[in-house]
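Trainee: I have a model open and would like to learn how to read it. Could you walk me through some features?

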Number of protein chains: 2
Amino acid sequence: MPRVGLNQQTLVREAARLADEVGYQQLTLAALASRLGVALPSLYKHIRGADALAQKLSALATAELATELTTAAAGRAGGDALRAMADAYRDYAHRHPGRYPATQRVPDPADPEHVEAGTRAVAAIYAVLRGYGLTDDDAVDATRALRSALHGFVALEAAGGFGLPREVDRSYQQLVAGLDVAFRSWPSAAG
Amino acid sequence: MPRVGLNQQTLVREAARLADEVGYQQLTLAALASRLGVALPSLYKHIRGADALAQKLSALATAELATELTTAAAGRAGGDALRAMADAYRDYAHRHPGRYPATQRVPDPADPEHVEAGTRAVAAIYAVLRGYGLTDDDAVDATRALRSALHGFVALEAAGGFGLPREVDRSYQQLVAGLDVAFRSWPSAAG
DNA sequence: GGCGTTGGCTAAGTGGAATAGCTTTATGGC
DNA sequence: GCCATAAAGCTATTCCACTTAGCCAACGCC
């Protein structure tokens, strides 16, 4: 039995690739083992189980997404930054349909890299919102609104929830334009 | 073997109750059969399988949600209608945490009731947007934006994605207020 | 009351996750 | 270089969910 030379990193990376090909829900230990050319139980030498794999995949995807969001917003401000970030967000979801759902898993407090990735993603959003003069509670609310809108759109799109012929790209542009308008007049003291 | 007197309707209704108790992902045919006091294969006399059950549950939940959205918006207009509908939406997701995810499944074209429920839900949203003077392409875009924002928020909330102490209720109010602002100045001819 | 339809059942197969326990490989100390 | 040991494979087995096949009993109609 020649050794394949697996380790957790190669395993998680291959899981990410596999998920993008077959879908997040179809990512199974059995499929991963088959892909790597080992028997299923062999994976347990490197990862605690299916749930741990999902968590590590989430950390990987979140880190990737955070980096892309940060890069997109760099050197831009206001509506420019918002549009660039929103495009990067949806683009990542399109390019990595299997990884994207993993980013929605809440970071594991016991995994510093996962926590850091989540923090970086939120920080990227915060930075954009600072360009609108939003801080503290307003920034928290606006961050939640932005995440909700982007994730909701991408999730509905992936689920095939947009049946009408109207182009989805344009609807997304309008959504982001609407967010821009909303953030510009975001209430500082609403009740 | 005394007959329990099952039929598809009671089966789907019980599945809805069970899903709300244990979660959508934990709704299994095994759990449902146990709950109904029959052996698992007996369910197949009434439903084609696990996927068909999920589809029927989606039809049920979508119909319920459509009704609640329609009721909430009735007799209101503009921002009033928007807020009432948004509250009804999130309220439904909270009261029915197991049914809500089912509403995201795309209606089965072969199930007229399912299709009708989906149509009613979208129609309720359209009616609210007409109060903002939005029609045609603008209404399509705005509907997608509204659905995205509401679903995204509810999904992130359910996933535990809002870690900070800032009250989630207030964030939701701000989101809806932002949508109101955006819809009032929704671009009629953007490009 | 017979009989067909229907709604239960048991049995068995598939596929994924997980654990136990064995064997082989790679490696580091002497 | 040899060997002890840890690591990385393996097979076998259990558990759980879904599904199909095929049997039998109950109910309902004439």
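Trainee: Where do Glu116(A) and Arg120(A) lie?

Mentor: Helices (H or I, at least four residues) and strands (E, at least two) are DSSP runs, numbered from the N terminus. Here, Glu116(A) and Arg120(A) both sit in helix 5 (residues 112-130) of chain A, 4 residues apart, about one turn of the helix. They form a salt bridge, with the closest N and O atoms 3.3 Å apart; the term means a side-chain nitrogen of Lys or Arg within 4 Å of a carboxyl oxygen of Asp or Glu.

Mentor: A word on the model before we go on. This is a predicted model, where local features need pLDDT of at least 70 and side-chain atom pairs count only at pLDDT 80 or more, while totals for chains, interfaces and linings use all residues. Residues are numbered from 1 along each chain as its sequence is written, chains are lettered from A and ligands numbered from 1 in the order in which they are written, and side-chain values use heavy atoms, leaving out hydrogens and water.

Trainee: Is Glu116(A) buried, partly exposed or exposed?

Mentor: Buried means under 20% relative accessible area, exposed over 50%, and partly exposed in between (1.4 Å probe, protein chains only). Glu116(A) has 40% relative accessibility, so it counts as partly exposed. Arg120(A), at 28%, is partly exposed too.

Trainee: How many salt bridges are there over all chains?

Mentor: A search of the whole structure finds 28. One of them joins the side chains of Asp20(B) and Arg99(B), at 2.7 Å from N to O. This pair links distant parts of the chain, 79 residues apart: Asp20(B) is in helix 1 (residues 8-22) of chain B, and Arg99(B) is in the loop between helix 4 (78-95) and helix 5 (112-130) of chain B. Asp20(B) is buried at 17% relative accessible area, and Arg99(B) is buried at 10%. Salt bridges that share partners also join Glu14(A), Arg17(A), Glu21(A) and Arg35(A) into one network.

Trainee: How far apart are the closest N and O atoms of Arg17(A) and Glu14(A)?

Mentor: They are 2.4 Å apart, in a salt bridge. Arg17(A) and Glu14(A) are 3 residues apart in helix 1 (residues 8-22) of chain A, so about one helical turn separates them. Arg17(A) is partly exposed at 40% relative accessibility, whereas Glu14(A) is buried at 12%.

Trainee: Which residues are closest to DNA strand D?

Mentor: A residue is near a strand if one of its heavy atoms lies within 4 Å of it. In this model, 21 residues surround DNA strand D, and the closest are Arg3(A), Ala39(A), Ser42(A), Leu40(B) and Ala50(B).

Trainee: Last one: how is chain A related to chain B?

Mentor: Two copies of a chain are related by a rotation about an axis and a shift along it. Chain A can be laid on chain B with an RMSD of 0.0 Å by a turn of 180° and a shift of 0.0 Å along the axis. The two copies are therefore related as by a two-fold rotation axis. The superposition is by least squares on the C-alpha atoms of residues with pLDDT of at least 70 in both.
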